[in-house]
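Me: I would like a close look at a single part of this model, with the cut-offs behind each term spelled out as you go.

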Amino acid sequence: MRRDRQREHQQWRLQRQQDALRALNEIAALPQHKSQEQLRQALQLGARFYQLPLAIISQIDGEEYRVQVQVSPHGSLQDGQSFVLGDTYCSLTLQSDEVLAIEHMAQSPHAGHPCYQQFALETYIGIAIWVGGRRFGTLNFSAAHVREHPSTRPTASSSACSPAGSAPPSNASARPRPARPCWSA
């Protein structure tokens, strides 16, 4: 019985991944959309896939974190909005080349981070974006709720994007590495 349930769960996960890849392919094949709109659609897809309502592609310049493209509930964020980098979880992401995935910030070593203190975001997934061999910013997903479904744990291969207006898509990439073991089993 348990083996059947595991097999069903694996099939469900595979189907979700295939659906997500198919949708990304459809988004990429829509030439009439501007790059920024394609990125927003890709962020919406990622937000649905990870079941996290906030999705951002950021550009980082020194200590300035600028939201390039975002998806957020009720317009809680805006494209072009800026924050101090140290007040964002992306400051943690940029400390390494790995995917940073935290499902319960309050119970993590980062509970004292300024972003948690200011915005109480419990769940965070982020990876650095590279353009032309240099760090451009981050791709990240977050939520105020604790992530309860680690079965859709992010992998380094599931995070890649190119920021609009900054470089041709062929010059942008997320440099994936194995995710840090922050998701509970």
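Which residue in strand 6 is the bridge partner of W130?

Reply: The bridge partner of W130 in strand 6 is R135. Before going further, note that this is a predicted model, in which local features need pLDDT of at least 70 and side-chain atom pairs count only at pLDDT 80 or more, whereas totals for chains, interfaces and linings use all residues. Residues are numbered from 1 along each chain as its sequence is written, and side-chain values use heavy atoms, with hydrogens and water left out.

The chain has 4 helices and 7 strands, where helices (H or I, at least four residues) and strands (E, at least two) are DSSP runs numbered from the N terminus. From the N terminus on, these elements follow the order α-α-β-β-β-α-β-α-β-β-β. Of the 185 residues in the chain, 43% are buried, a term that means under 20% relative accessible area, with exposed meaning over 50% and partly exposed in between (1.4 Å probe, protein chains only).

Strand 5 and strand 6 run antiparallel and are joined by 9 bridges; two strands are said to pair if DSSP finds at least two bridges between them. Strand 5 (residues 123–131) is largely enclosed by the rest of the structure, because 9 of its 9 residues are buried, while strand 6 is mostly covered, with 8 of its 10 residues buried.

Strand 5 also meets strand 4 (residues 100–102), to which it is joined by 3 bridges in an antiparallel arrangement, and here I125 in strand 5 is the bridge partner of A101. L100 belongs to strand 4 and counts as buried at 1% relative accessibility. The C-alpha atoms of L100 and G126 are separated by 5.3 Å, although these residues are 26 apart along the chain.

Strand 6, in turn, pairs with strand 1 in the antiparallel sense over 6 bridges. One of the residues of strand 1 is I56, which stands opposite N140 in strand 6 and is buried at 8% relative accessibility. Its C-alpha lies 9.2 Å from that of L77, which is 21 residues away along the chain.

The volume of the second largest pocket is about 280 Å³, with grid points joined across faces, edges and corners and the volume taken as the space filled by probe spheres set on the points. Its lining divides into 11 nonpolar, 4 polar and 1 charged residues, where Ala, Val, Leu, Ile, Met, Phe, Trp, Tyr, Cys and Pro count as nonpolar, Asp, Glu, Lys and Arg as charged, and the others, Gly among them, as polar.

A search of the whole structure finds 0 disulfides, a disulfide being a pair of cysteine sulfur atoms within 2.5 Å.

Q51 is in the loop between helix 2 and strand 1, and it has a positive phi of about 60° although it is not a glycine. Most residues other than glycine have a negative phi. With a relative accessible area of 38%, Q51 is partly exposed.

Notes. 1 Å grid on protein atoms, 1.4 Å probe; cavity = no way out; pocket = protein on both sides within 12 Å on 5 of 7 lines; lining within 4 Å.
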